[in-house]
Amino acid sequence: MNTASFQETLDFAIGRERAAVEFYRELTGKAAFAAQKSALAEFMAMEEGHVAMLTGMKSRGAVNLSPGAAVDLGLARRLAAEEEPTAAMDFQDILVAAIKKEERSGDLYRSLVAAALDPDVKAIFERLEAEESRHKRYFEELYETQVARDN
Amino acid sequence: MDIKDFIAPFAVWKRAFEKPFTVKKPIDERPGAPRYRGFHINDADKCVGCGTCEAICMNRAIDLVPVEGRDAKEGDSGLRPRVDYGRCCWCALCVDICPSGSLNMSNEYVWIDSDPDVFRYTPGVEPKPWDGSALGYRRAEGYRLLDGTRVPMPELDHHEAVKSFLELVRGWSREQAEKEADRCVSCGLCIASCPAHMEIPGYIKAVRDGDLETGLRLLYQTNPFPEACGRICTHRCEEACSIGTDGDPVAIRWLKRYIADQVELADYSKALPRKEASSGKRVAIVGAGPGGLSAAYYLALLGHEVTVHEKDEAAGGMLRYGIPEYRLPYPALDKDIGYIESLGVKIERGAPVGEGRSLASLRERFDAVFLSTGLPAAYGLDVPGEKHPRVLDGVAVLAAATRGQVLGLGARVAVVGGGNVAMDAARTALRNGASVDILYRRREEDMPADPDEIREAKAEGARLVEKAIPLEVKDAGGKARFVWNEATMVQKEAGKRPVPEPIPGAIHEEIYDSVISAIGQGPELSYIAEADGVEIRRFKPVVDRDGLATAAGKAPVFAGGDLVNDRKDAISAIADGHRAASAIDRLLSGKGA
Amino acid sequence: MRRQNEHVIPPETRATPDLSSGKYLVMWQGPQHPGITGNMSLRLVADGDTVVDCETHVGYLHRGFEKLMERRLWMQNFPLVCRIAVPEPDFNEYCYAAALEELAGVTVPEKAVWLRTLSLEMIRLASFLMWIGGQAGAFGHGTIAQWSVTMRDYVLDLFEELSGGRIYHMYIIPGGVRGDVPDGFLDHVLETMQVIKKNLDDIELVMFHNAVFKMRAVGLGYIPPDWVDKYGITGPNARSAGVARDLRKDLGYLAYPQLDFKLITGGRSDAFERAELRLAEMYQSIDLIRQIVARMPKDGPFRERLPNPLHWKIPAGETYVAAECTRGEYGFYVVSDGGDKPRRVAVRGPSYTHAVSVMERLVRGVNIADVAGLMVSLHTYPPEIER
Amino acid sequence: MNELAKELAARYGARDWHDRRGDLSSTVVDPIRLHDTLAWLKDSAGYAHLSFATAVDNIERGVFTLTYTVRNHEQGHSLMVHADVDRANPVVDSIHLLWGQGWTYQREMKEWFGIDFPGSPRVDEEFVLEGWEGPPMMRRDFDSLAYSDATYEGRPGRVTHDPATRMQERLYPEAGK
């Protein structure tokens, strides 16, 4: 694979994760109390971890991400909130925002996979899509066990 | 004496030519009869190590011993009976009484060894040739020493029940309670499963003995809410009950209620321990639910001055505002709370902590703080249209009912969810004359609600719609048009519970006057400021085993109840409160943690 | 030499032989002696080969049952009581169960009543079979014992099939019985009765038409009718003296009032007639067993549910429940103080008087060689004396 | 039976007549009247058969309650005659002249309860407890289990576990504090 396109692809992905960090940073700015901030800080730290992981792969020149997509619990598709959380956001609001964000990333990579001409780039996007599905799954499971306990 | 008397005896000689009675030596195979009471066999997987065999053995031939690879777990002590054949008399009363039916006897009776110590073994654990023997003594069909059937609990007829908020479960008479208490074998397997580790066999014995003051004292050792828990406890103890392994478990919850119901509040102080001398220490409690008041009770008993800060106009928390009065009538709850207050616990009602009364200020004024603010906020449906004015919050509906407000639910009500809040909201709606559909995303057997509640909700006329994934709420001329997608359960990952998968195109909708959302609840944590330094993770204060939160600065902060534990029931909150009270006492009295 | 039908009545007061005179022999018969039923011993004083005085000694098999029972739950005593009279455990089980049921106000189901009656008659037959072997053996006829003990084992096979145990059946439990009959059991009972009846015919022929047995047993151990009340004599020993008492008739317990049988009495009251009478009662038992099998209800519950045995308390009170065992009046006196264990249980066995007071007096003037035969003719089981 | 109850009351001060079953009743007399009551029942009332005699240690009341059960075969009725004797000084008139087996019961009661029957043959001889040196074993205050534990050794290696304690140790040891 062409080194330039590899670098380019990963730079794109790293950019996405940086944007996610920013997403949480922005929400933290709106947060009013400690519980919100702690939850947002945890998720932000996770995204920073992703940035570090992808940066590491970039410098090593190889993507080692599992190609297996996580099971879709089907929550993202039907959760309503497109609106931004407010200062009164509760755990449900934060989780929904997180799930939606991961879904958007997954959708993006899916379209990139479809559009990619270089089979190597395509493979990287496939792996990134799978990775995002795992992130989404993580939040969906949290939602199931912590929020929708009774449904 | 005649001649016959001399001749007749010679008739024995005819036997010389007949087949002898004896059998050949070495012994021919001579199996024991199919019912023979031979060496014991035990299905070690079915056995729960309750020790009832040991209790009935009049020879003390049975020991309960630990066995390798079988640790204690809920409903199983991990111990297994070991039989000493130096003492066993083969009466098989152990087989007759075995609650699970795991212990039986083979029809094998020959076992020869020169070492007398081998005649002692743990059936079903130490392999023997007669293991799994199909023959041998078994309890006869229709014969049991123990009673596997629970004494029926008188309940209002469901047609009657649904017309009012009268208490559904009527409680037992003395005779009924004593009969039910008689079913208990005092094995104590239940104690570990109770979050508060109540002394269950002890208070059941007190019922049997008619000594209710002792019973009450045993209840209060670990639980100052016997009236409430005697009605609405999630009774995990009953799931562990050894009698329940082959029959109805002992109705531990109803027996607890019986004790508390029978003793008048005025007589409580005679049975219960007095407070210790004043310690001069002050403790603040936030939230007057079961967790907070349990902590208050034990702290007051230990001589500390306790002030409870409650946001609502009455104490009790979810016991009052979340549980309808047909399950827990207010006088019963008031009795529990009344006794706690009688010890000098001060409850400041209508006094939320937050603005004006900050956590920081409590930590200034008190020597310790216990947070038990529970999960008061209902989570939303999170589907498009969830803000429709006819989409109501289940917790708020129940609280409004408690406050006696007009609910105005209308004639057709949908309740979304499968927990106890959903069932209670549905039954409250039924009592307000509505026809009710309960929509749940999974199947009935997956519902987290108490099976009794589900059964009663259905009996009272609620219609259960299973596998209904909410999609949207639309307006229909002021009413709510609720749209859901029928699901099929798909086992997506081994070992995990199946996931409801929407069936493409199977969209249903129904117009309701109200849609009550009861999918789950969350905490209200805005009163904890960053400056308090209380460590919070995923909307839960982080606490150690005693309930001590990580917090910088002045008075220590403890937390318990639904706010931090995962069981999210009253008895766990009560246990948390008790544990925190003990830890606070140790801290304040300098006894060390 | 004793002559037939010559009724010698031994003196009431004990002889006071001067043991230092050198005229008398003091000898112990038992506790290990084939002519003693069970673990018991007789201290005999003989003048030549004639016994002039006898003291009985018991206690070799004392197990303290009555004390043990005060320390055990009501139901825990159920496996204990059967051991009090080894050859006839079922009478203990019945009397104990019936006493508890009476004190607790429990009525046992009809089916259990019949199964209890069946058990009691089967064990009566088994016990008599063991006895007749002992009686013949005491006069040197070992062959009879080999036959009859085999026949007894056939009955024990039936018990094994019914209850899971050969000797200690633990079948008659308070509240009823422990199980219905297994499939085919009643047929096995009838087949076994046929075999035993045929064997009894043989025994009758070779034992009762036997010059040796007649010469030694006739006139031996004569019990006058007025001793019956004086010594509390019951069972075949009393009936042979012409006193027509049988608790199966007098108390009318279990299914006996519905069974057709006649009281068998005698009048010659010696060892020979007591043996004849017991043989007749064995035939009668076979007949009763056949009647029971024919008339017993086929279905229905066999036990009344009682409270949890771990907590069962019986209302305060006392009662005495008796039954006619092979040897006479067998009874349990049970006292409850309202607790979960008996306050007192006292067991009345017929050997208490037959093997002690009656034996001590009857043996006076008897030839040493006849002591064993005399004792067996009273049909005694020492364990029920010492409990 | 009421006639008999009245007669016994008039003659011997018998009281507390109780019909247990149709064929079994009980009554109570003072111990001093016991012998005469039994003699009259035997000789004049048809209660000629002595089924058994025994005692119950009513330690709480400080008495031994004697029980003599006699039977009238003609009428098919048994009567249990009770008498309370002082536990501190248990001495009762002997009935050995009334029934030929009476002395055996009395010898047993002497050995098992420590109740004395002066004049009863061989009453002080050992009955079933040869070589026994402990207190009369049927007294309620003789603890047979304690005696056994002190006298005999248990089989080595026998140890049992209480299920509830075991579960506490394994599942929530912190609550033991």
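The legends below describe close-up views of a predicted model.

Residues are numbered from 1 along each chain as its sequence is written, while chains are lettered from A and ligands numbered from 1 in the order in which they are written. In this predicted model, local features need pLDDT of at least 70 and side-chain atom pairs count only at pLDDT 80 or more, whereas totals for chains, interfaces and linings use all residues.

**View 1. The fold of chain A.** Chain A holds five helices and zero strands, where helices (H or I, at least four residues) and strands (E, at least two) are DSSP runs numbered from the N terminus. Read from the N terminus, its elements follow the order α-α-α-α-α. The radius of gyration of chain A is 16 Å, close to the 15 Å that the globule rule gives for 151 residues, so chain A is as compact as a globular protein of that length. This radius is taken over C-alpha atoms, and the globule rule is 2.2 Å times the number of residues to the power 0.38. Along the principal axes, the C-alpha atoms of chain A fill a box of roughly 50 × 30 × 20 Å.

**View 2. Packing within chain A.** Among the 151 residues of chain A, 37% count as buried, a term for residues with 20 or more other C-beta atoms within 10 Å of their own, the C-beta atoms being placed from the backbone. Of the contacts in chain A between residues at least 6 apart in sequence, 70% join residues at least 24 apart. Two residues are in contact if their C-beta atoms, placed from the backbone, lie within 7 Å.

**View 3. The side of chain A that touches chain B.** In this interface, 25 residues of chain A are in contact with 38 residues of chain B. Helix H2 (34-60), helix H4 (91-115) and helix H5 (119-147) of chain A each supply at least two residues of that side of chain A. H2(A) gives the most, with six residues. By class, the side of chain A that touches chain B has 14 nonpolar, five polar and six charged residues. Ala, Val, Leu, Ile, Met, Phe, Trp, Tyr, Cys and Pro count as nonpolar, Asp, Glu, Lys and Arg as charged, and the others, Gly among them, as polar.

**View 4. Chain A among the other chains.** Four pairs of chains are in contact, and chains A and B share the most contacts. No contact joins chain A and chain C, whose closest C-alpha atoms are 40 Å apart. Chain A and chain D likewise have no contact, with their closest C-alpha atoms 24 Å apart.

Key:
A residue is buried if 20 or more other C-beta atoms lie within 10 Å of its own, exposed if 12 or fewer, and partly exposed in between; C-beta atoms are placed from the backbone.
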